[in-house]
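Here is a briefing on one structure.

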Amino acid sequence: MLNCRTVGELLYFLGLFEDLHAQVIERLGSGRGEELLVQLQRLPLKRSHAVTRLGSYACRGAEPLSIRLQFAQEQEQLHQTLLHEIAHFLDHQTRNPPGAYRNPHGRSWQAWLAQ
């Protein structure tokens with residue numbers, strides 16, 4: 001079982017932070033990119049007990065609340081699920097203006113996931 005309490009801890013544990021950092025800075029620049037990465041690293045990571053999905057990004061209005069994951073996944077699937085939920089976070093936080101998160105698998109989210 002993983003004992004990671006934040007998204008940042010899990011990113012470092014899985015060895016994903018450096019690549020994610022490079023992609024976010026490339027897309028947003030160092031100022032806004034670093035700000036979002038700090039916010040992402042502090043985001044609470046919660047165990048999901050859902051049986052029909054592997055993860056979810058939770059927010060209230062413009063405020064991100066947490067990322068929930070099922071940890072009973074193969075490591076590669078866990079990587080993909082985490083990156084999927086991080087794409088939701090980045091999409092939500094870079095919309096103008098950020099607010100209620102609508103159309104969560106729209107074009108802007110797809111662009112983040114591809115990045």
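α2 and α3 are oblique to each other, because the class takes angles that are neither under 35 degrees (roughly parallel), over 145 (roughly antiparallel) nor 65 to 115 (roughly perpendicular). Their packing angle is about 140 degrees, and their axes lie 7 Å apart. This is a predicted model: local features need pLDDT of at least 70, side-chain atom pairs count only at pLDDT 80 or more, and totals for chains, interfaces and linings use all residues. Residues are numbered from 1 along each chain as its sequence is written, and side-chain values use heavy atoms, with hydrogens and water left out.

- Axes are lines fitted to C-alpha atoms, for helices over the stretch in contact, and angles run from 0 to 180 degrees between N-to-C directions.
- Helices (H or I, at least four residues) and strands (E, at least two) are DSSP runs, numbered from the N terminus.
- The crossing of α2 past α3 is right-handed (near helix turned clockwise from the far one by less than a right angle; anticlockwise is left-handed).
- From α2, Phe 17, Leu 20, His 21, Val 24, Ile 25 and Leu 28 meet Ser 30, Arg 32, Gly 33, Glu 34, Leu 36, Leu 37, Leu 40 and Gln 41 of α3.
- By class, this contact of α2 with α3 holds 8 nonpolar, 4 polar and 2 charged residues.
- Nonpolar covers Ala, Val, Leu, Ile, Met, Phe, Trp, Tyr, Cys and Pro; charged covers Asp, Glu, Lys and Arg; the others, Gly among them, are polar.

**Helix pair α3 and α4**

- α3 and α4 pack at about 130 degrees, with axes 11 Å apart.
- That angle makes α3 oblique to α4.
- α3 passes α4 in a right-handed crossing.
- Arg 32, Leu 36, Gln 39 and Leu 40 of α3 make the contact with Ile 86, Phe 89, Leu 90, Gln 93 and Thr 94 of α4.
- The contact of α3 with α4 divides into 5 nonpolar residues, 3 polar and 1 charged.

**Nonpolar core**

- The largest nonpolar core has 27 residues, and Val 7, Leu 11, Leu 82 and Ile 86 have the most contacts inside it.
- Such a core is a set of buried Ala, Val, Leu, Ile, Met, Phe, Trp, Tyr and Cys residues joined through side-chain atoms within 4.5 Å.
- Two or more residues each come from α1 (7–14), α2 (17–28), α3, β3 (63–69), α4 (75–94) and α5 (107–114).
- α4 gives the most to this core, with 6 residues.
- Leaving aside neighbours within four places in sequence, Ile 86 is in contact with Val 7, Leu 11, Leu 20, Leu 40 and Ile 67 (contact: heavy atoms within 4.5 Å).

**Buried sites**

- Leu 43 sits in the loop between α3 (30–42) and β1 (45–47).
- Leu 43 is buried at 4% relative accessible area (buried is under 20%, exposed over 50%, partly exposed in between; 1.4 Å probe, protein chains only).
- Beyond four places in sequence, the contacts of Leu 43 include Arg 5, Tyr 57, Ser 66 and Phe 89.
- Ser 66 lies in strand β3 and is buried, with a relative accessible area of 1%.
- Beyond four places in sequence, Ser 66 is in contact with residues including Leu 43, Lys 46 and Tyr 57.
- His 88, in helix α4, counts as buried at 5% relative accessibility.
- Beyond four places in sequence, His 88 is in contact with Tyr 57, Tyr 101, Pro 104, His 105 and Trp 109.
- Thr 81 is also found in α4, and its 6% relative accessibility counts as buried.
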